[in-house]
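Good morning, and thank you for coming.

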Amino acid sequence: MEAITTDFLVGGRTLALETGKMARQANGSVVVRYGDTVVLVTVVASREPRENADFFPLTVDVEERLYAVGKIPGGYIKREGRPSESAILAARLTDRPIRPLFPEGLRNDVHVVVSILSVDYDHSPEICGMIGASAALSISDIPFDGPIGAVQVGYVDGAFVINPTAEQDKASDLKLMIAGTYDAILMIEAGANIVPESVMLDAILFGHEEIRRIIEEIRHFQDIVNRPKAEYPLILPSAELMAATRELGWDKLLEAMHNSDKQQRGENIAQTNTELKQILLERFPEEEAMISVTLKKVLKEVVRYAIIHDGIRPDGRELDEIRPISIEVGVLPRVHGTGLFTRGQTQALTAMTLGPLSDQQMLDGIGVEESRRYLHHYNFPPFATGESGPMRGPNRRAIGHGALAGRALEPVIPSEEEFPYTLRLVSDILESNGSSSMASVCGSTLALMDGGVPIKAPVAGIAMGLVKNDEGVAVLTDIQGLEDALGDMDFKVAGTREGITAIQMDIKIHGLDREVLETALQQARKARLQILDMIEAIIPEPRKDLSLHAPRILTMQIDPEKIREVIGPGGKMINKIIENTRIGDKKVDIDIQDDGTIYIAAINQDVARRVQKMIEDLTRSPEVGEVFEGRVTRLMNFGAFVEILPGKEGLVHISQLSYNRVSKVEDVVAVGDPLKVKVIEIDSVGRINLSHKDTQPIPEGYDPSKSRSSQERSPHERTHEHSSHERSAPRRSGPHNPTRRDSAK
């Protein structure tokens with residue numbers, strides 16, 4: 001097949017689709033070019049369905065190649081390893097809108113691979129990946145009820161922007177990723193700078209108009225390729241099995257599902273399913289693998305019917321009612337800030353840790369961001385649902401939930417200038433019965449406020465649900481696990497009193513219209529305000545002081561030219577400061593920026609002030625007339641060298657040691673002695689001459705004509721002194737070292 005190409009405008013810039021040139025053995029392959037961003041998307045389906053599978057085995061992988069941004073991978077191995085967090089989040093973005101568009105009963109493995117080959121930061125590879133996946137599935141022989149379109153919507157200076165450039169993205173109050181079919185929205189992922197619900201709704205609908213134009217172009221591309229769809233087996237229960245399951249199980253499942261306790265409800269449903277399986281297996285032995293599927297389908301129908309027809313939720317709540325909430329702060333005594341948030345049978349414990357800016361995470365990826373000072377991590381152990389299982393690293397779901405909670409709080413985190421700390425929040429889910437990611441948002445707000453972080457406003461989150469059948473639609477507030485599993489939507493909304501900070505929406509049906517979205521947003525706002533009232537009743541504002549166990553960070557500014565004096569040769573000076581201020585195993589952390597800003601992180605404020613004084617002494621220049629408490633470092637026959645500031649020495653000539661005549665320097669001072677001195681001269685090359693006698697009271701009857709003066713010295717002695725003083729100069733570090741500057745020239 002020859003290469004087939006089409007191009008069209010997206011956000012006013014040309015996007016091109018090409019097939020037939022690369023990866024031709026895949027079921028579908030499309031290269032997307034948007035600016036200098038190039039993404040290859042392939043889709044492959046297995047030849048046979050997976051045996052005994054009761055789910056659709058779809059996998060989406062995003063492969064980042066660092067050559068795409070002209071980087072060589074860091075570390076020892078120097079090649080890409082496991083997917084980065086950004087790649088996992090991008091894979092989830094692609095997976096969620098396409099998953100509900102495959103036919104029910106498809107059990108063939110489908111693998112979508114998005115390979116990012118070239119990136120320019122003005123054209124999003126995530127958007128290219130979603131459009132490419134839609135196009136590749138559409139032109140393949142795999143059954144797919146698409147295409148879909150995808151865009152990013154920004155909000156810059158009060159106007160919506162499709163696929164903003166990197167510069168526009170920085171100025172935008174909104175980063176909204178949206179995907180959908182021609183008729184409805186399928187997926188929303190948004191971070192926002194406290195944006196009102198009305199603006200968010202308008203942004204979604206604005207983006208959907210562009211999505212429709214993209215879909216028309218993909219359909220045109222599909223017509224050009226003109227590849228027919230293949231016949232894939234759909235593994236579905238027979239109509240007779242479905243009818244028998246409804247007849248036998250409807251009333252029993254309806255009764256089993258009504259219980260406010262998740263564990264008891266689960267046991268009731270499991271016991272009912274066991275009884276029904278035995279009966280159905282006797283009548284339909286040839287459909288043994290389908291019996292579990294039919295029981296789940298009938299339970300889904302029962303839950304929907306009870307909610308829509310009777311207005312009854314499984315735990316007896318009203319449609320817009322929140323489960324009982326419990327809030328605690330300061331739960332862990334040695335932690336910098338903690339919050340325990342419990343909503344029904346969902347519980348999140350968030351712990352906050354503060355650290356110096358040097359603790360921020362360095363990123364080795366294809367994105368613009370190179371480091372991150374605010375981290376949010378989410379853990380979901382198996383005991384949270386009363387199960388046993390292996391404890392491994394975070395899976396895709398945990399990474400996605402952590403990113404969502406982090407995005408929800410990011411707009412209220414103080415800037416580096418206001419609060420020069422690295423912040424890490426860890427949300428451990430201790431119980432789960434739905435909406436754990438939004439519980440972690442609430443728990444994180446509590447931890448930040450308990451830790452004394454001056455956040456701009458508290459943030460709360462709520463998960464909305466949707467059930468839909470032929471009789472109507474119901475929007476549910478604060479969905480629990482059963483409603484999430486059997487419902488049609490998981491719509492998470494987080495924000496402050498003033499507006500939205502984050503949204504994540506997953507749809508299991510073919511999409512939502514404006515009316516349902518508007519209802520969900522308004523119900524979510526009402527619930528959010530209720531939760532914020534409860535949070536502020538416990539802790540109205542951030543604590544005035546940080547935890548006693550949190551580091552104290554002091555900020556100071558020096559001349560950038562003097563940074564080398566603070567560091568010293570081979571780090572000698574900065575290491576000396578760190579060692580001299582150590583308390584037990586607690587060391588200070590000194591972070592020096594290129595602009596001369598220095599962040600000092602210490603165990604307490606007194607230690608931080610000591611370090612500040614040391615750095616000030618290192619970087620300041622003495623002036624004539626200043627008096628210092630110095631230390632004798634070397635003795636010569638003509639005088640003593642005294643360190644008056646770290647790394648800065650001056651000469652006290654023998655004639656300046658005392659008002660009395662001094663025959664030998666050793667008669668007055670020894671190496672290591674403290675000596676009070678006064679600066680009497682700084683010559684043209686920066687050498688410092690000091691006097692000890694000028695710091696002492698003049699003796700009674702003192703006759704200056706009888707004291708030894710520099711004029712009495714022989715020419716030979718003066719030459720020897722001059723050369724010795726010059727030889728000492730290289731021992732001084734920094735720009736005050738004239739010998740070093742001369743040699744550099």
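**The annotated S1 motif and two further regions**

I begin with the record: in an unreviewed entry, UniProt lists residues 625–693 as "domain: S1 motif". UniProt positions are given here in the numbering used for this model, feature names are shortened, and annotations may be inferred rather than shown by experiment. The model is predicted, so local features need pLDDT of at least 70 and side-chain atom pairs count only at pLDDT 80 or more, while totals for chains, interfaces and linings use all residues. Residues are numbered from 1 along each chain as its sequence is written, and side-chain values use heavy atoms, with hydrogens and water left out.

The span 625–693 is 0% helix and 52% strand, and its end C-alpha atoms lie 13 Å apart. Helices (H or I, at least four residues) and strands (E, at least two) are DSSP runs, numbered from the N terminus.

Next, a closed barrel: five strands run in the order E25-E26-E27-E29-E28, with mixed pairing. On average, neighbouring strands of this sheet are turned by 55 degrees against each other, direction ignored; the axes are lines fitted to C-alpha atoms, and angles run from 0 to 180 degrees between N-to-C directions. Two strands pair if DSSP finds at least two bridges between them. Strand E25 (residues 627–636) and strand E26 (residues 639–645) are joined in the antiparallel sense by five bridges, and Arg631 has Glu643 in E26 as its bridge partner.

Let us turn to strand E13. How many of the ten residues of E13 are buried? Eight of the ten, in residues 346–355, are buried, meaning under 20% relative accessible area with a 1.4 Å probe, protein chains only; exposed is over 50%, and partly exposed lies in between. With strand E12 (residues 337–343), E13 pairs antiparallel over seven bridges, and Gly337 stands opposite Met352 in E13. The hairpin of E12 and E13 has two residues between the strands, and Gly344 there takes a positive phi near 60 degrees. E13 also runs antiparallel to strand E17 (residues 422–431), joined by nine bridges; Thr353 has Arg424 in E17 as its bridge partner.

Finally, Phe56 sits in the loop between strand E4 (37–49) and strand E5 (58–64). Phe56 counts as buried because its relative accessibility is 14%. Leaving aside neighbours within four places in sequence, Phe56 is in contact with Arg99, Phe102, Leu106, Arg107, Asn108 and Val110, where contact means heavy atoms within 4.5 Å. Phe56 and Val110 are 54 residues apart in sequence and 8.5 Å apart in space, C-alpha to C-alpha.
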